[in-house]
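Q: Please take a close look at the interface, and then follow its theme of charged side chains into the rest of the model. I would like one connected account, with each criterion spelled out.

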Amino acid sequence: MTLTEGASVLEAVFESALAHRAEPTNTYVSLHEISMRGMIDLRGLNTDKKFMAAAKQVLGIDLPKAPRTSETFGDVKALWLSPDQWMILCARDKAPALTAQLTEALAGIHSLAVDVSDMRAIIRVEGEGAREVMMKGSSLDFTDDDFKPGYVRRIRFAEIAALFNIVEDNVIDLYVFRSYAHYTMDFLTKAARKGSEVAALRK
Amino acid sequence: MLLVTCPICGAEGDETDFHFGGQAHIARPATTNPEGITDAQQREYLFTRINPKGLHFERARCDRGCGKWFHIARDTMTMEIKAYYGVTELPPPDIIAQAKGGWAELFAERTAHAKKTK
């Protein structure tokens with residue numbers, strides 16, 4: 001691959017996990033990859049006031065303390081992963097700078113900020129039956145009242161480790177480790193094939 | 001099927017959402033002087049497990065939730081989960097009082113040790 005004039009190194013080197021794959025057709029929900037999102041793994045104790053303040057200073061948001069919730073500020077979003085771990089979402093080209101800012105602000109505090117933008121692939125499941133398709137691969141009841149926009153949770157989806165975030169009512173972002181991207185897309189394409197709607201799984 | 005609730009993040013799930021971590025409270029013999037550890041001690045540490053019928057203590061990880069380890073006190077006969085407690089803690093006193101056999105001995109030893117180090 002060659003660098004074209006004016007293109008940043010990032011654009012030239014980066015290729016998303018499903019870049020060469022045509023988006024599936026004949027499905028009753030839309031499935032597409034979200035590729036230009038930066039992800040930062042942030043760890044620190046939520047009981048450490050210094051840590052929480054430093055994170056807020058850089059990100060502009062209080063890191064969510066309640067399990068399975070997320071916080072948004074502008075184009076930065078923090079997903080709760082555990083009492084001492086968050087995933088920070090931002091634009092992909094901003095991730096290295098934001099990681100550096102976090103590292104600087106957190107100097108001397110027991111913590112960790114790593115740019116893990118290449119670690120996961122994101123598939124957006126969107127449409128009327130989005131929750132239904134997710135239910136076909138997991139043991140969770142997506143019609144439950146808890147599952148409202150902003151909800152985030154690690155799950156076992158189609159027998160692999162995954163993470164999902166409900167963005168809007170019928171828009172769900174599914175995060176899987178990059179090497180599972182094709183497998184997950186295959187699974188979703190089959191699970192969402194037209195004619196396989198399950199009325200019983202709808203609210 | 002076991003229905004488990006994570007004591008740290010509150011995630012509910014069946015046992016496949018959690019990773020079973022084997023028997024709880026296994027102490028590794030001190031390693032400051034490896035020569036001084038007897039074969040019997042090492043065998044005890046590696047292979048000997050407490051396996052009574054009834055109240056049992058085990059470790060689990062909240063695999064699909066917060067990813068943290070914690071302890072479960074479970075009855076192996078009724079599958080009833082009696083208590084959850086932290087990974088660095090001993091069970092609540094009322095649960096310790098119900099422990100039998102090897103477990104009673106282990107907790108007697110540990111609580112005596114905890115008192116001494118206090």
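A: A salt bridge is counted here when a side-chain nitrogen of Lys or Arg lies within 4 Å of a carboxyl oxygen of Asp or Glu. By that rule, one salt bridge is found across the interface of chain A and chain B. This is a predicted model, in which local features need pLDDT of at least 70 and side-chain atom pairs count only at pLDDT 80 or more, whereas totals for chains, interfaces and linings use all residues. Residues are numbered from 1 along each chain as its sequence is written, chains are lettered from A and ligands numbered from 1 in the order in which they are written, and side-chain values use heavy atoms, with hydrogens and water left out.

The predictor's confidence in each residue, pLDDT, runs from 0 to 100; for chain B its mean is 91, and 100% of the residues reach 70 or more. For the complex, the predictor gives an ipTM of 0.79 and a pTM of 0.86.

With contact taken as heavy atoms within 4.5 Å, 14 residues of chain A are in contact with twelve residues of chain B. The two chains bury about 1,000 Å² between them, 42% of it on carbon and sulfur atoms, where buried area is the accessible area (1.4 Å probe) that two parts lose on being put together, summed over both. Of the area that chain A buries against chain B, 44% is supplied by A:Arg153, A:Arg154 and A:Arg156, more than by any other three residues.

The salt bridge pairs the side chains of A:Asp84 and B:Lys68, at 2.6 Å from N to O. Strands E4 (76-82) and E8 (152-157) of chain A each supply at least two residues of the side that touches chain B, and the largest share, four residues, comes from E8(A). Helices (H or I, at least four residues) and strands (E, at least two) are DSSP runs numbered from the N terminus. This side of chain A divides into six nonpolar, two polar and six charged residues, with Ala, Val, Leu, Ile, Met, Phe, Trp, Tyr, Cys and Pro counted as nonpolar, Asp, Glu, Lys and Arg as charged, and the others, Gly among them, as polar.

One of the arginines named above, A:Arg156, also meets A:Glu159 in a salt bridge within chain A (2.9 Å, N to O). A:Arg156 is partly exposed, at 29% relative accessible area, whereas A:Glu159 is exposed, at 58%; buried means under 20%, exposed over 50%, and partly exposed in between (1.4 Å probe, protein chains only).

Over all chains, the rule counts 14 salt bridges. Among them, A:Asp173 and A:Arg37 meet at 3.0 Å, N to O, and this pair links strand E10 (171-177) to strand E2 (37-44) of chain A, the residues being 136 apart. A:Asp173 is buried at 1% relative accessibility, and A:Arg37 is buried at 18%.
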